[in-house]
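Hello,

Here is the structure I said I would pass on.

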Amino acid sequence: KSILNMQNIGLVGNADLWYDILNSEIYYTIQGKVRFYLNTEKDNFIDLLYQKGSGAPNFNEGDQFGIGLTVSF
């Protein structure tokens with residue numbers, strides 16, 4: 001069985017937007033994950049992460065990349 005079967009891959013994402021009334025500035029963060037499920041119960045997976053921008057309280061600009069592993073016992 002191929003691990004690249006489309007039933008074993010998922011996409012997860014969200015975005016947040018803030019508006020600073022006093023300074024007329026807009027801040028945002030966009031986050032996305034490509035999730036590779038490691039079993040049929042879909043409770044063990046590896047995430048490849050991407051984030052653009054930063055949330056409160058920093059509101060930094062930039063790109064971040066990461067990887068995560070979730071294992072359930």
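**What was found**

Of the 73 residues in the protein chain, 18% count as buried. Please keep in mind that this is a predicted model.

The overall layout comes first. The protein chain has 4 strands and 0 helices, and its elements run β-β-β-β from the N terminus on. The chain is more spread out than a compact globule, because its radius of gyration is 16 Å, well over the 11 Å that the globule rule gives for 73 residues. Taken along the principal axes, the box filled by the C-alpha atoms is roughly 55 × 25 × 20 Å.

Two further values describe the chain as a whole. Among contacts with a separation of 6 or more, 29% are between residues 24 or more positions apart. The protein chain exposes about 5700 Å², and 57% of that comes from carbon and sulfur atoms.

Next, the surface. Which residues form a nonpolar patch there? They are Leu17, Tyr19, Ile21, Ile26, Tyr28 and Ile30, and together they have about 680 Å² of accessible area. Strand E1 (9–20) and strand E2 (25–37) each supply at least two residues of this patch. E2 gives the most, with 3 residues.

Tyrosine 28 is one of the patch residues, and it is found in strand E2. Is tyrosine 28 buried, partly exposed or exposed? Its relative accessible area is 37%, which lies between the 20% limit for buried and the 50% limit for exposed, so tyrosine 28 counts as partly exposed.

The last item is asparagine 44. Where is asparagine 44 found? It is in the loop between E2 and strand E3 (45–53). Asparagine 44 counts as buried, because its relative accessibility is 16% and buried means under 20%.

What is asparagine 44 in contact with, leaving aside its neighbours within four places in sequence? The list is Phe36, Tyr37, Leu38, Asn39, Thr70, Val71 and Ser72. For serine 72 there is also a distance to look up: its backbone nitrogen lies 2.7 Å from a polar atom of the asparagine 44 side chain.

When you open the model, you could begin with the patch on E1 and E2 and then go to asparagine 44 in the loop between E2 and E3.

Regards

Notes: Residues numbered from 1 in each chain as written. Predicted model: local features only at pLDDT ≥ 70, side-chain atom pairs only at ≥ 80, totals over all residues. Heavy atoms only, no water. Patch = residues over 30% accessible without salt bridge, like charges linked within 9 Å, V, L, I, M, F, W, Y side chains within 5 Å. Areas by Shrake-Rupley, 256 points an atom, 1.4 Å probe, with all protein chains shown as cover. Salt bridge = Lys/Arg side-chain N within 4 Å of Asp/Glu carboxyl O. Buried < 20%, exposed > 50% of the residue type's maximum accessible area, 1.4 Å probe, protein only. Rg over C-alpha atoms; globule rule 2.2 N^0.38 Å. Contact = heavy atoms within 4.5 Å. Polar contact = N/O pair within 3.5 Å; in protein donor to acceptor, adjacent residues only side chain to side chain.
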